[in-house]
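Dear colleague,

Below I am handing over the structure we spoke of, together with its sequence. Please have it open while you read the notes that follow.

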Amino acid sequence: VAAMASEPSTQSRVMFQTGDKTEEPAHRKLGKLTVKYNRKDLQRRLDIEEWIDGQLHLLFDCEEEEIPELEIDIDELLELSDEGQRTRLQELLQECGKPKEDFINGLLYRIKGLRKMSGPLKK
């Protein structure tokens with residue numbers, strides 16, 4: 001809330017009054033979000049996604065526009081068992097004619113220790 005203070009001087013002053021503390025819970029939620037998704041985790045995930053992109057170019061040996069419609073969802077993989085992750089990746093890459101075991105092993109190694117990021121926030 002801004003209010004003008006009447007003073008004899010020629011310059012006006014704006015005074016801000018703080019209202020009730022309704023904004024504080026929003027800051028706490030932001031704090032939890034920051035802790036849950038810290039910069040290091042986000043950077044690691046970004047690095048993995050960039051690695052996946054580069055590897056798909058090599059696997060399919062073509063430009064990005066020519067890669068078949070393929071979505072590797074890291075969060076989906078994190079919900080599966082180790083064998084489930086391997087099976088899911090093999091299903092996704094079935095159209096690829098090149099050997100894909102190195103890619104699958106590399107991706108599974110890289111996602112170890114990642115936390116799932118999508119879905120509802122836990123309270």
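Arg45 is found in helix α2 of this predicted model, and at 8% relative accessibility this arginine counts as buried, because the cut-off for buried is under 20%. If we leave aside the neighbours within four places in sequence, Arg45 is in contact with Ile74, Asp75 and Leu78, and also with Arg115, Lys116 and Met117.

As for the chain as a whole, its secondary structure comes to five helices and two strands, and the order from the N terminus on is β-β-α-α-α-α-α. Of the 123 residues, 23% count as buried, while the accessible surface comes to about 9,800 Å², with 52% of that area belonging to carbon and sulfur atoms. When contacts between residues at least 6 apart in sequence are taken, 57% of them join residues at least 24 apart.

Helix α5 deserves a separate look. Its buried residues are Phe103, Ile104, Gly106, Leu107, Leu108 and Ile111, and what covers the buried residues of α5 includes α2, α3 and α4. For Ile111, again leaving aside the neighbours within four places in sequence, the contacts are with Arg44, Ile48, Ile74, Leu77, Leu78 and Gln85. Just after α5, Gly113 takes a positive phi of about 85°.

A last point concerns the loop between α4 and α5, which is the place of Gly97. Is Gly97 buried or exposed? With a relative accessible area of 80%, Gly97 is exposed, since the cut-off for that class is over 50%. The C-alpha atoms of Gly97 and Leu59 are separated by 8.1 Å, although the two residues are 38 apart along the chain.

Definitions and conventions: Residues numbered from 1 in each chain as written. Predicted model: local features only at pLDDT ≥ 70, side-chain atom pairs only at ≥ 80, totals over all residues. Heavy atoms only, no water. Contact = heavy atoms within 4.5 Å. Helix = DSSP H or I, 4+ residues; strand = E, 2+ residues; numbered from the N terminus. Buried < 20%, exposed > 50% of the residue type's maximum accessible area, 1.4 Å probe, protein only. Areas by Shrake-Rupley, 256 points an atom, 1.4 Å probe, with all protein chains shown as cover.
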